[in-house]
Amino acid sequence: MTITPYPFSAIVGQDDLRLALLLNAVSPAVGGVLVRGEKGTAKSTAARALPVLLPEVRVVSGCRFSCEPGAADPGCPDGPHESAAARTRRARMVELPVGASEDRVVGALDIERALADGVRTFEPGLLADAHRGILYVDEVNLLHDHVIDLLLDAAAMGSSYVEREGVSVRHAARFLLVGTMNPEEGELRPQLLDRFGLTVQVAASREPDQRVEVVRRRLAYDDDPEAFAARWADEEAALGRRVADAREVLPRVRLGDAVLRQIAAVCAAFEVDGMRADLVMARTATALAAWAERTEVREEDVRQAALLALPHRRRRNPFDAPGLDEEQLDRVLDESREPEPPGGGPDIPDDDGPGEGPDDDGPDGGGAPPPPAADDPAGPGQDTGSDTGPQEHSASPEDTTAPEGEEPRVPARQPAPTTGEQPPAAAQDPFRARLLTVPGLGEGAAGRRSRARTEHGRTVGADRPQGSLTRLHLAATVRAAAPHQRARGRTGPGLLLHRDDLRQARREGREGNLVLFAVDASGSMAARKRMGAVKGAVLSLLLDAYQRRDKVGLVTFRGTGAEVALPPTSSVDAAAARLAELPTGGRTPLAAGLLRAHEVLRVERLRDPARRPLLVVVTDGRATAARGAARGEPVADAERAAGLLAADGVASVVVDCEAGPVRLGLAARLAGALGAPAVTLAELRADALAGLVRNVRAEQASGTESRGRRAA
């Protein structure tokens, strides 16, 4: 059953999103769109509605790789196509599932037939289906690394290679890449982020009338998709014709030297890496001019192109929010504008005044998005925030002055301070961390940290395949088949193979882990420099975890209990925000912190049993009792809680933050109970924290022996 897509022209608001998609429809060379935003903001709806607006494509009949008649790929596996008939069909949009296997993405090659019969039997994958169309990835930030690598290779070369033990197939794979993501679930690898030509940040409108219209249209579509689409058929057809017209204008658009200098000046001023940003801006500005039915690129096109093409290319680390300073952009454009020659320059309509003829910047000119429908209460570019007219004075939280005769106002939402609480300390600058690993051999999700059995990596052995063969171990297969060749009647060259001869390669690579921090935020840790160093270290390992595809969590303990300040996540933005707000002060409920960490790891083990954890405890070990507790129990309780973690085999490290002339050595005792190494605060320096757990396995073994001797 074919599902009727939601009409593109019926989308309310989201002007930047619609414009970015339409520009790619006009000029696929722009390089695709990445749509970032919170859930429920029409990201997927807009992407799935785009193919209806694309012109039809002519393909060779019977070709599974969508070759173009008269310009067929000479290396097409279904070729040659010299005398093949042609047909016309709509452009496809192929969805790439987050959990897709490598064979599903690039295609499957039957190794057994290739080796036994010399026949290359190839089943095309999603990249072949998307050729000359759209490849759409929902939640693109959750893709596995090996799938991302395949996308990068295809996007860079315009073709896909499938190779299995010397048997290879190549086919064309040029597509428009559209991805959507929620930044709260983690960021994209920089290599893939740069492959998207444009990026758009979307958010739900805060304007009640616009929200009402969104709900009204969505309910109407859900009740009867066909009838709703029929009501918008004329608008869809008009938008499709405008895309086709813009494609015809595109080859005639002139990109002058003055505009190119402005593009180069903008990219240089914003310090973007490489030259891809310059190319994308040039193509986007050209598409904007064609969309406005102009044959000359203007400064406003360059400005709009910069707003779409540069924000995601300016991030230097995952803690940087994507964005562009528009005041700086306007200043750079002003400074790079060529002065008019004496006697007046070319007759170009003023940006702020009315124009004439086809170049008039009307509602649709200058690269503006398509106008809304008549019943759309919010026009393009409408501010979804509050009005900017005259405003009444409103007191800030710090403004407590009351009019004469009235009681002084209490600041709004200002909680009563906890006894001994210190304001949050600023984190020191993050640093590049060395590799942390969990001992042993895991089987978790693909990553870049600890050793694990994986689908990709170096071959360390061979096994009989369980199910279909995916990774042939050629040498082991030959060794298994060789003793049986005479019995099978082999008389000439070639190897006679049976199914039982095939061997699957066993590979070892790297996995991602869960790095859980248990941070002491009590009064004894409240020294500003100390907490600043701790926060800087956590941010550093968080950045390292982002690069190594880990999950990271944060448990804090102070006062009378512990809390999960950051549940296990891959979002470094959320983690940085939580750390920045972390206050200090109060007692040290160390046992509560360890028990909360134990509970977090227990729940995560149920959710993802293959992901192995690493616990980093940052404390001075000075556990103190809550009110009414007997003296001396807190330290013993903490050691018993540590014993639970050690019994579960959790790899741990203790960062000893004790300072002063009198040292009790309580953190070292805690490390012994955990079977973990202990390091002093002095070793918590900018280039050393990640090396604190290099010998976790040896320390765990030593801790186990020590506990055995004490028990004896």
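Modeller: Gln485 sits in the loop between helix H15 (474-481) and strand S14 (504-511); helices (H or I, at least four residues) and strands (E, at least two) are DSSP runs, numbered from the N terminus. This is a predicted model, in which local features need pLDDT of at least 70, side-chain atom pairs count only at pLDDT 80 or more, and totals for chains, interfaces and linings use all residues. Residues are numbered from 1 along each chain as its sequence is written, and side-chain values use heavy atoms, with hydrogens and water left out.

Biologist: Is Gln485 buried or exposed?

Modeller: Buried means under 20% relative accessible area, exposed over 50%, and partly exposed in between (1.4 Å probe, protein chains only). Gln485 has a relative accessible area of 6%, so the word for Gln485 is buried.

Biologist: Which residues is Gln485 in contact with, leaving aside its neighbours within four places in sequence?

Modeller: Contact means heavy atoms within 4.5 Å. With the neighbours within four places in sequence set aside, the partners of Gln485 are Arg490, Gly494, Leu495 and Leu496.

Biologist: Strand S14 came up; in what order do the strands of its open sheet run?

Modeller: Two strands pair if DSSP finds at least two bridges between them. The edge strands are strand S12 (446-454) and strand S13 (458-463), each pairing on one side only. The pairing in this three-stranded open sheet is antiparallel, and the order is S12-S14-S13.

Biologist: What is the bridge partner of Asp520 in S16?

Modeller: Strand S15 (residues 514-520) and strand S16 (residues 551-558) pair in the parallel sense over seven bridges. In S16, Asp520 has as its bridge partner Phe557.

Biologist: How do helices H1 and H10 lie: parallel or oblique?

Modeller: Helix H1 (residues 15-26) and helix H10 (residues 233-249) pack at an angle of about 50 degrees, with their axes 8 Å apart. Angles under 35 degrees count as roughly parallel, over 145 as roughly antiparallel, 65 to 115 as roughly perpendicular and the rest as oblique. That angle therefore makes H1, relative to H10, oblique.

Biologist: In which helix is Ala128?

Modeller: Ala128 is buried, because its relative accessibility is 1%. Leaving aside neighbours within four places in sequence, Ala128 is in contact with Arg64, Phe65 and His171. Its place, among residues 126-129, is in helix H5.

Biologist: Finally, what share of the chain's residues is buried?

Modeller: The chain has 21 helices and 20 strands. Among its 712 residues, the buried share is 46%.

Definitions and conventions
Axes are lines fitted to C-alpha atoms, for helices over the stretch in contact, and angles run from 0 to 180 degrees between N-to-C directions.
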